[in-house]
Amino acid sequence: MSGIWYAVLISEVYLFLAFAVVCLIVAGLALVKCLPKNAQRFDIAFKRTKGFWLGMTGGAALLCLFGVYSQLFGGPFGFLFPVIGATMAAVYLADVDPAVSE
């Protein structure tokens, strides 16, 4: 294999790893922002329960963690899991968190 293709493959690995780490940070942020919220605020804002959103953001963080692990040690879901986890966390951060923070 020529040197340029080796550099491309190495840069792709590091790019996917950086993407997975950023997704993990977003999911962790969503989980940390969900923890101190008052459970009654979720009912007042007509969102699902706090337990549901803690489960969703916790699951998102876990999926992103599996994605980082898969990127580091090889696995079939190194890109898919962080995308799913970041999407779950983004739904909380964009829709639910502003509604329950008022």
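Biologist: Is Cys23 buried or exposed, and what is its relative accessible area?

Modeller: Cys23 is buried, at a relative accessible area of 5%; buried means under 20%, exposed over 50% and partly exposed in between, with a 1.4 Å probe and protein chains only. This is a predicted model, in which local features need pLDDT of at least 70 and side-chain atom pairs count only at pLDDT 80 or more, while totals for chains, interfaces and linings use all residues. Residues are numbered from 1 along each chain as its sequence is written, and side-chain values use heavy atoms, without hydrogens and water.

On the cysteines: the structure holds 0 disulfides, a disulfide being a pair of cysteine sulfur atoms within 2.5 Å. Cys23 is in none, and its nearest cysteine sulfur belongs to Cys64, 5.2 Å away. For Cys34 the closest cysteine sulfur is also in Cys64, but at 15 Å, too far for a bond. Cys34 counts as buried, with a relative accessibility of 0%.

Next, the helix pair. Helices are DSSP runs of H or I with at least four residues, and strands are E runs of at least two, numbered from the N terminus. H1 (residues 3-34) packs with H3 (residues 50-73) at an angle of about 160 degrees, the axes being 8 Å apart. Axes are lines fitted to C-alpha atoms, for helices over the stretch in contact, and angles run from 0 to 180 degrees between N-to-C directions. H1 and H3 are therefore roughly antiparallel, a label for angles over 145 degrees; under 35 is roughly parallel, 65 to 115 roughly perpendicular and the rest oblique. The residues of this contact divide into 19 nonpolar, 4 polar and 1 charged. Nonpolar here covers Ala, Val, Leu, Ile, Met, Phe, Trp, Tyr, Cys and Pro, charged covers Asp, Glu, Lys and Arg, and polar covers the others, Gly among them.

Within H3 lies Gln71, which is buried at 19% relative accessible area. The Gln71 side chain reaches the backbone oxygen of Gly78 at 3.1 Å.

In H1, by contrast, Leu15 counts as exposed at 58% relative accessibility. Leu15 and Lys47 are 32 residues apart in sequence and 36 Å apart in space, C-alpha to C-alpha.

Finally, the loop between helix H2 (39-44) and H3 contains Phe46. Its phi is near 60 degrees, positive in a residue other than glycine. Most residues other than glycine have a negative phi. Phe46 counts as exposed, at 76% relative accessibility.

Key:
A polar contact is a pair of N or O atoms within 3.5 Å; within protein, one must be able to donate a hydrogen and the other to accept it, and residues adjacent in sequence count only if both atoms are side-chain atoms.
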